[in-house]
Amino acid sequence: MTPRFEESFKDLKVTVLAGGVGGAKLLVGLDKTLNPGKLNAIVNTGDDFFHFGLHIAPDIDSVCYALAGLSDPVHGWGRKDESWQVLEELRRIGAPDWFALGDKDLAWQLERQRLLNAGMSLTEVTEHFCATFGIPSRVLPMCDEPAPTRIRTQNGEWLGFQDYFVRQKCKPEVAEISLTGGKKIAPSQAAERALREADLVIFAPSNPWVSIDPILSLKGVREILNEKVVVAVSPIIQNSALKGPAAKMFRELGIMPSSEAVREHYIDLLDGFVFDDLDQEDSKKWQASDIISESFQTIMKDEKDKVALSEAVISLGARILVEK
Ligand code: GDP
Ligand code: CA
């Protein structure tokens with residue numbers, strides 16, 4: 001049974017590790033649940049790449065558009081009420097069209113590149129975006145340096161992440177994942193501070209391999225998390241991902257995808273774990289451990305679901321904080 005949500009929990013300082021679409025859904029709920037200024041989101045930049053000379057940050061954009069109430073409800077990425085004139089013209093003239101950027105989205109990409117060229121960091125540009133759209137929570141890129149994720153396929157080829165994810169539609173079989181360009185990179189100062197100052201850290205129901213692991217692999221992050229109360233939400237429900245390659249990646253890396261596998265993936269860091277009600281029967285096999293695991297309705301179809309799950313995760317975290 002999930003403990004009851006209390007008014008005082010709204011003042012907890014919560015820092016979330018997140019990727020794009022799955023992360024954004026929970027962040028929207030947390031943003032509505034917590035008092036303004038209490039939520040920090042540290043967002044994966046391992047998917048970032050250059051396209052037409054522009055720094056594209058897909059997970060940052062998914063999170064920012066969602067928190068601003070501007071995201072496309074069908075895709076979960078990109079803008080709602082979008083037009084596609086530029087993409088159609090690119091297609092007509094035979095230019096690369098595999099990465100879809102709508103016109104409004106593209107305007108933001110142009111402006112981001114202009115500000116980066118003028119010397120602003122990705123952290124500063126993202127802060128500017130959030131201020132422009134009146135987002136009360138802080139969205140923090142995990143770092144300001146390039147930290148690309150790369151995928152080695154079963155036939156030995158290394159692919160850039162967007163090449164794998166978008167151009168090849170996650171079809172190649174994954175043999176190995178290289179994070180942060182194979183270098184040891186520090187988190188941004190702002191991201192590190194958000195971790196240190198957090199009362200509670202939440203791993204969003206994002207892809208463990210390519211959304212959360214890049215953040216966990218940054219210098220010092222695991223050490224800080226060892227001192228924190230950490231609760232994860234499973235992105236895997238009934239052995240499947242709701243979207244994207246998370247379950248496929250588990251399988252190709254030799255692990256049966258399940259809520260249990262997600263918990264195992266993070267086991268050194270977790271104090272609490274939230275998995276879907278649909279996996280309750282299965283969970284009887286792995287419940288007994290020092291990680292407090294609770295089931296909840298974790299499929300977030302609308303705002304009500306997002307807020308309810310947010311309250312449940314915070315309540316579990318608050319209970320662990322009291323017990324510690
Ligand atoms: P990406 O960077 O856009 O791929 O997004 P994330 O890594 O943040 O999220 C992808 C994961 O979100 C997938 O593994 C999905 O299973 C998971 N996901 C998406 N929607 C939901 C949801 O409503 N509930 C849960 N529990 N997981 C979700
Ligand atoms: Ca992503």
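Me: Which backbone oxygen lies 2.7 Å from a polar atom of the side chain of Thr15?

Reply: A polar contact is a pair of N or O atoms within 3.5 Å. In this predicted model, the side chain of Thr15 has a polar atom 2.7 Å from the backbone oxygen of Ala194.

Me: Where does Thr15 lie, and is Thr15 buried or exposed?

Reply: Buried means under 20% relative accessible area. Thr15 has a relative accessible area of 1%, so Thr15 is buried. As for its place in the chain, Thr15 belongs to strand S1 (residues 14-18).

Me: Are Asp47 and Asp59 buried or exposed?

Reply: Both Asp47 and Asp59 are buried.

Me: Now the other ligand. Which residues come nearest to ligand 1?

Reply: There are 22 residues around ligand 1, and those that come nearest are Ser206, Ser211, Pro235, Leu242 and Thr298.

Me: Which backbone atoms lie 2.8 Å from an oxygen atom of ligand 1?

Reply: A polar backbone atom of Val21 is 2.8 Å from an oxygen atom of ligand 1, and a polar backbone atom of Leu242 is also 2.8 Å from an oxygen atom of this ligand. For Pro235, the distance from a polar backbone atom to an oxygen atom of ligand 1 is 2.7 Å.

Me: How many cavities of 30 Å³ or more does a search of the whole structure find?

Reply: A cavity is a set of points where a 1.4 Å probe fits but cannot get out. The search finds one of 30 Å³ or more, and the largest cavity holds about 30 Å³ of space. Its lining includes Asp31, Leu34, Asn35 and Pro136. By class, that lining has four nonpolar, three polar and two charged residues.

Me: What lines the second largest pocket?

Reply: This pocket holds about 220 Å³ of space. It is lined by 14 residues, of which Asp48, Phe50, His55, Glu145 and Pro146 are the closest to its centre. The lining divides into eight nonpolar, three polar and three charged residues.

Conventions. Residues numbered from 1 in each chain as written. Chains lettered and ligands numbered in written order. Predicted model: local features only at pLDDT ≥ 70, side-chain atom pairs only at ≥ 80, totals over all residues. Heavy atoms only, no water. 1 Å grid on protein atoms, 1.4 Å probe; cavity = no way out; pocket = protein on both sides within 12 Å on 5 of 7 lines; lining within 4 Å. Points joined across faces, edges and corners; volume = space filled by probe spheres on them. Nonpolar A, V, L, I, M, F, W, Y, C, P; charged D, E, K, R; others polar. Buried < 20%, exposed > 50% of the residue type's maximum accessible area, 1.4 Å probe, protein only. Near = heavy atom within 4 Å. Polar contact = N/O pair within 3.5 Å; in protein donor to acceptor, adjacent residues only side chain to side chain. Helix = DSSP H or I, 4+ residues; strand = E, 2+ residues; numbered from the N terminus.
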